[in-house]
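Thanks for making time this morning. I would like to walk you through one model, and I will keep to what can be read from the coordinates.

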Amino acid sequence: MGAFTNIKRDLEQIIFRNREQNAIPAMDGAISPNNRLDALPSIGEPIPGADDAAEGPDGALYVSGGRIVYRLAGDGYTNRTVFATFEANVGGLGVHPDGRVLVCVSGRGLAAVDAHGRQTWLRQAEDQPLRCLTGVAAAADGTIFLTDGTTAYEPDDWCRDLMAKNHLGRLLTCRPDLDSPNVLLRDLYYPNGLSITPDGAGLWFTESWKHRVSRTAINGSVLGRPTVVLNNLAGYPARIAPASGGGFWLAMFAVRTHLVEFVLREDEYREAMIRTIPPSRWVAPALATTNHCHEPMQFGSIKALGIEKPWAPPRSYGLIVRIDANGDPIESLHSRVGGRYHGITAVREVAQGLVIVSKGSGRVILAKAGVTS
Amino acid sequence: MSTTVSDFTGFSTRLRSSFSPRLLLSELMLKQWFEPVIPFTVMIALALYFTVTMPDYRTAANISSLMRLYAEFGFVALGMAISLISGGIDLSVGAIFAACNFATLFYLYVLGFPTWGVILATLATGAVIGAANGILIGYLKARPFLTTLVTLIILRASVNLLNERFATVFATTTVDSDAWDYMGEGNVLGVPINAAVLLGVLVFGHILLSRSRYGWHLTAIGASRKAARHAGIRVERMLFATYVISGTLCAAGGVFYAARQNSTDSTTGVGWEFQALTAVVLGGVSLAGGKGTVWRAMIGGLIVFMLTNGLVRMGIPGYVTSAVIGLILLAAVGIDVKWSKNRGKVAQKIYVNPAQLTLSPAPSIEAGSGSPYAHNDRLVNAQAIGLDQIEGPEDVILDRQDRVYGSTRDGNIIRFSGPNFEQREVFAHIGGRPLGMQFDKDENLIVAVAGMGVYGIKPDGAVFKVTDETNRTWYKLNDDSRLRMADDLDIAPDGKIYFSDCTTRYEMTTNTLDVMEGRPNGRLVCYDPATKKTSTVLNHFYFPNGICVSHDGQSVLIASTSLCKVFRYWIEGPRKGSLEILIDDLPGLADNINRASDGNYWLALVGIRSPAFDLAMRNPGLRLRMVKQVPIDEWLAPGMNHGCVLKFTEQGEVLGSWWDPSGISHSTLTSMREHKGYLYLGGLENNRIGRIKLEGVDEAWTGYEAYWGSKRRDRH
C-alpha cells in the first residue's frame with residue numbers, strides 16, 4: 001500500500017466524515033448497556049450451534065442447532081424432541097402458513113418439512129446454488145422469501161465474507177411449492193434475516209456488513225423499492241422479528257469495535273491476516289470469546305485487580321434491541337463482556353414470551369411475558 | 001517487506017534501529033532551541049546571497065559600515081522585543097527614538113551639555129517617556145496597543161513641531177568634541193562603537209531575561225498575566241519597568257543616531273515601530289507574549305535590516321521595500337500564531353514512530369503439543385495471599401523472616417507477615433510506581449521505581465535514594481540523563497546494582513506506546529556503590545525488563561519484552577562486555593527473571609504473542625495508523641489475561657511452564673520468587689500475591705541465602 005493510498009484514505013476520512021466506518025455510534029439512550037439479558041433463564045441443556053427459532057401453528061417452538069431441528073413444546077418449552085436431521089448445519093427457520101417448517105441448510109438450500117417429515121427442496125436459483133441461506137419467511141399468501149448471505153461462502157464462514165468485504169448477498173422469492181425461484185435483490189451486504197411486517201404489506205431485512213435494516217413493500221412476489229429503516233447500527237444485525245405493539249425486535253450477533261473497523265480499512269494487514277492466520281485468531285467479531293491467549297486482545301481488556309471489565313472492548317457480545325414503529329430504539333437487553341449469552345442470532349415473540357437464541361453459548365433463552373416492557 | 005531476523009546483539013544494529021527521520025524531527029520540534037533555527041537559517045542565507053550577488057559585500061569596510069547602520073535599529077528592535085515578551089506591545093519605539101534623537105541634539109547644541117551629560121540626559125528622557133507608557137499600561141491598566149499608539153502620535157507631532165523650530169539652530173551650530181565624534185564614528189577593537197555597545201547590552205539583556213528574577217517574572221507575566229499575579233508577582237511594577245527599559249533602549253539608539261547624523265528631520269524613525277515589530281516576530285518572539293530571547297530579536301532585526309539595505313542597494317524603490325517588509329510581517333505573524341499554537345501538537349502527532357519488528361516464529365503453547373510451553377493449569381489454584389488487599393504487586397520478594405513484600409501501583413511496598421500472611425502493613429511509601437526489588441547484603445530492600453529511579457528501604461522502613469540519573473548520551477536529542485522507567489534490578493556479588501530503564505521515550509503511563517513503537521529505546525544501567533556513580537552499560541536496548549545476575553555472578557540475564565527474548569550480558573570473565581542471545585523464541589513478552597533453587601531460572605511472561613499481534617509487529621505503518629486512529633483502549637495488544645511462568649537452564653533451554661491459561665487467578669503475571677519450597681507470584685494488575693508448592697526442591701533455599709549466604713553458587 002503506497003503512501004498515496006494512505007493520503008487518499010485520510011482525505012476521504014476528512015471529506016466524508018459521516019461515513020459510518022468513521023463513526024461507530026455510542027451505545028446510549030435506549031441502547032445503554034445493562035445486564036438484563038444475562039439475568040434471563042435458558043431453556044434446558046445447551047443446543048450446540050443454536051441458530052434460529054420459529055413458532056409452529058401448534059404453539060411448539062422449532063429451534064435449529066447443529067444438524068438438527070428440535071421441537072420444543074410444553075410449559076416453558078422444556079419438552080425437547082428431534083424434529084428433523086440434515087446432512088449439514090441448519091440455520092434460519094420459518095413456518096409456512098400451511099404448517100410446513102422451512103429450514104435453511106448450510107451449503108444445500110431450503111428444505112420444507114411437513115408434519116410427516118417429508119422434505120421438499122429448493123437448491124439453486126438462476127444456476128447458482130443456495131449455499132448460504134440465512135433466513136426464510138413466508139407471506140400470508142404462501143409466497144416464500146429468502147435471504148442468501150453470500151454466494152462465496154457457507155454460513156459458518158461468515159467471518160471470511162466480512163473480512164473479504166464482500167457484498168454478494170441476495171434476496172430471493174419462490175412459490176409455496178419451492179418452485180420458480182426468483183432473485184429480487186442482489187449485491188447485498190450479507191443479508192442475515194428477514195421478516196414479513198405484521199400488516200403483510202412489507203418485508204424487513206437486515207444487512208450485517210452494512211449494519212442496517214431495510215424495509216420494502218411486497219405485493220405477491222413483487223418487491224417495492226427498499227428504504228433504509230435503521231442505519232449505522234452499533235452492531236452486526238442478524239434476525240429480525242415483529243414486536244407486539246408495532247415495530248420489531250432485532251438480534252445483533254456482535255457489536256462493532258474500533259479495532260475491527262480499523263482492520264477493515266487496512267487492506268494489506270487484512271489480506272496478510274486472511275492468508276496466514278486461522279479465522280478463529282483474526283481481528284474480527286466473534287460469536288463467543290474463548291479467552292485463549294492467541295485470540296487478539298485489546299489493551300482495554302486487561303483484567304484490572306482480577307476484574308474482567310464489562311466495558312472492555314468486546315470481541316463477542318450479546319444484544320437485542322426493540323425498535324418502535326417509527327424506527328427508534330426503545331429498549332435493549334445486553335450481555336456484556338464476561339456475560340453469559342453472547343452471539344445472539346435470533347429473537348422472536350412467541351406465545352410464552354420472548355425467545356432469544358444465543359449461538360455463542362448454544363443457549364435458547366426464554367423471557368416470560370412481563371420481563372420486557 | 002523484509003523478513004530477515006536481525007541479530008540484536010550488535011550495538012550498531014540497535015543504534016540504526018533507534019533512528020528514523022520522523023523520530024528525529026519530532027524530538028527536534030520539542031526542543032526550545034529549535035524555534036529560532038528557521039529564522040537563523042534565513043539570516044545566513046540572506047547574508048550569503050548578498051555576499052555572492054553584490055561585489056564588495058564581504059569587505060571589512062562594508063561589514064563595519066553595515067554594523068554601524070544596523071546598531072541603532074537593533075536597540076529599537078530590542079525595546080520592541082521586551083515589550084512583546086511582557087505580553088504587550090510598544091508602538092511608540094520609533095517615535096521615542098526620533099524624540100531622543102532630537103533631545104540629544106537639543107541638549108548638545110542648545111543647552112551645551114558635555115557629551116556624558118547629553119548621553120545621561122537623553123537616556124533619562126527616553127526613560128521618562130517610557131515611564132509615561134508604563135504608568136498608563138502598568139498602573140492604570142490601559143491597553144498597550146492603544147496607549148503606545150497615542151504616545152506615538154503625540155511624540156511624532158511634537159518632534160515635528162520642535163524640528164521645525166530648531167532645525168536651523170542644529171544646522172548652523174557645531175560642537176568640537178572628540179568624545180562626541182567618537183560616539184558617532186569611533187570603533188572598539190575594530191567594531192563600531194554603537195554595535196559594540198549593542199552587543200554589550202545584548203549579553204546583559206540575555207542574562208537578565210534568562211537568568212534573573214526580573215526575566216523570569218517578565219516571561220511569566222507575558223505567558224499569563226493572571227497566573228503571574230496569583231503567583232505573587234507584582235505585575236504593575238514589572239510592566240512599568242518594562243516600558244521604562246524599552247524607552248531607554250530607544251533613547252540609546254537615538255543618541256548614537258544623533259551622534260552619527262548630527263541632524264534631525266521629519267522622517268527620522270518613521271515606520272521603525274513597524275519594522276521592529278516585523279523583525280522581532282520574524283525572529284521568533286511571540287506576539288502572544290511570554291516567549292522570546294534577545295537573540296531571536298536580533299536575528300529578526302538583522303534579516304529585516306539586510307533585506308531593506310540590500311533592496312535599496314539593488315536600486316529597488318523604497319515603497320516596494322516597504323511592501324516586501326509588510327508581506328514578511330504578515331507571513332511571520334501568521335506562522336507565529338499557527339506555530340506556537342500547534343508545535344506541541346505536531347510534535348506529539350509524529351512522536352510515535354513504529355519500526356518493523358520481525359520476531360522468531362512462536363513455539364506452540366497448545367495443551368498436548370509436547371512443547372515445554374504447553375498450556376496447563378498449575379497456577380489456577382494458587383493459594384492467594386492478601387486477596388484484595390494489594391493493588392498490582394509487579395514484583396514480590398521474601399526476606400529472611402519469611403515475610404513477603406509486594407511493590408504496588410499506589411507507590412507502596414506492602415508487607416504480609418504471620419504464619420498465613422494475614423498481617424498486612426505498608427512497609428514503606430516511596431511514590432512513583434515501584435517495580436523490581438532485591439535485597440542487598442545489608443538487607444536493605446533496593447527497589448526500581450518507574451518515574452523516580454532506584455531507591456532503597458532500610459530494614460526499619462526508612463527510604464533513601466540510590467540513584468535517579470545516569471550519564472547522558474551525547475548524540476541523543478532527548479535528554480536521557482534522568483531515569484524514566486526503572487523496571488527491574490539485581491545486585492552482583494561486588495554490590496553493583498544492575499537495572500533496566502525500559503524506555504527513555506515514554507513513561508509508566510504510556511509504556512504501551514513503547515511496545516507499539518518496537519524500537520530499542522531502553523537501556524541497562526549500573527550503579528556502583530563504591531564510587532556512587534551511575535552509568536549506562538547497554539544503550540539502545542529493546543524494552544529491557546527483567547534483570548537477574550547469573551548464579552555464578554559472571555553475567556546478567558536481561559529479558560527483552562518487545563523482542564520476546566532473553567539476553568546474557570557478561571560482566572566478568574573472559575567474555576566481559578559482550579552480549580549474546582540466550583533464548584530466542586519465547587512465545588510471549590518476557591518480564592521478570594529470578595534464580596531458582598536448582599541452579600536454573602524462573603521467567604514470567606506478561607503477554608503472549610497472538611498471531612494477529614505478531615503480524616502487526618511486522619507492519620509498522622499499521623501500528624502508526626492504529627495509534628492515531630484508534631482509541632488507546634482499543635489497540636491491539638498481546639494476550640495479557642493469563643499467567644505464565646517458565647523455568648529455563650543456564651544454557652537457555654526451557655524446561656517447563658506453569659500456566660493459568662485464562663487468568664482466573666493470575667492475569668498479567670509479571671514476577672515469581674522461589675522461597676523455601678514455594679513459588680510466590682506477583683502481577684502488574686492483579687489483586688493478590690499467589691503461591692504454589694514446588695515439589696522436589698531444596699526447601700531451605702531462599703533468595704537471600706542464594707545471593708549473600710550459604711546457598712551461593714558463585715564460589716565453591
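I will begin with the contact between the chains and then turn to helix packing and a sheet in chain B.

Please keep in mind throughout that this is a predicted model. The contact between the two chains draws 34 residues from chain B and 29 residues from chain A. On the side of chain B that touches chain A, the elements contributing two or more residues are helix H17 (611–617), helix H18 (620–629) and strand E22 (636–637) of chain B, and H17(B) gives the most, with 4 residues. If we sort that side of chain B by residue class, we find 16 nonpolar, 13 polar and 5 charged residues.

Strand E22 of chain B also takes part in strand pairing across the two chains: strand E22 of chain A, residues 297–298, and E22(B) pair in the antiparallel sense over 2 bridges. Within that pairing, A:Gln298 stands opposite B:Leu636 in E22(B).

Let me move on to the helices of chain B. Two packed helices are described by the angle between their axes and the distance between the axes. For helix H4 (residues 60–85) and helix H14 (residues 294–313) of chain B, the axes come within 9 Å and cross at roughly 135°, which means that H4(B) is oblique to H14(B). The crossing in which H4(B) passes H14(B) is right-handed. On the H4(B) side the contacting residues include B:Leu66, B:Tyr70, B:Phe73 and B:Ala77, and among those they meet in H14(B) are B:Ala297, B:Met298, B:Leu302 and B:Phe305. By class, this contact of H4(B) with H14(B) has 12 nonpolar and 3 polar residues, and no charged residues.

Chain B has an open sheet of 4 strands in the order E4-E5-E6-E7, with antiparallel pairing. Strand E4 (396–398) and strand E7 (423–429) of chain B stand at the edges with a single partner strand each, so one side of each has no neighbour in the sheet. From one strand to the next, the twist averages 25°. E4(B) pairs with strand E5 (residues 404–407) of chain B in the antiparallel sense over 3 bridges, and there B:Val396 stands opposite B:Gly406 in E5(B).

Notes
Residues numbered from 1 in each chain as written. Chains lettered and ligands numbered in written order. Predicted model: local features only at pLDDT ≥ 70, side-chain atom pairs only at ≥ 80, totals over all residues. Contact = placed C-beta atoms within 7 Å. Nonpolar A, V, L, I, M, F, W, Y, C, P; charged D, E, K, R; others polar. Pairing = 2+ DSSP bridges. Axes fitted to C-alpha atoms, helices over the stretch in contact; angles between N-to-C directions. Parallel < 35°, antiparallel > 145°, perpendicular 65-115°, else oblique. Left-handed = near helix turned anticlockwise from the far one by under 90°.
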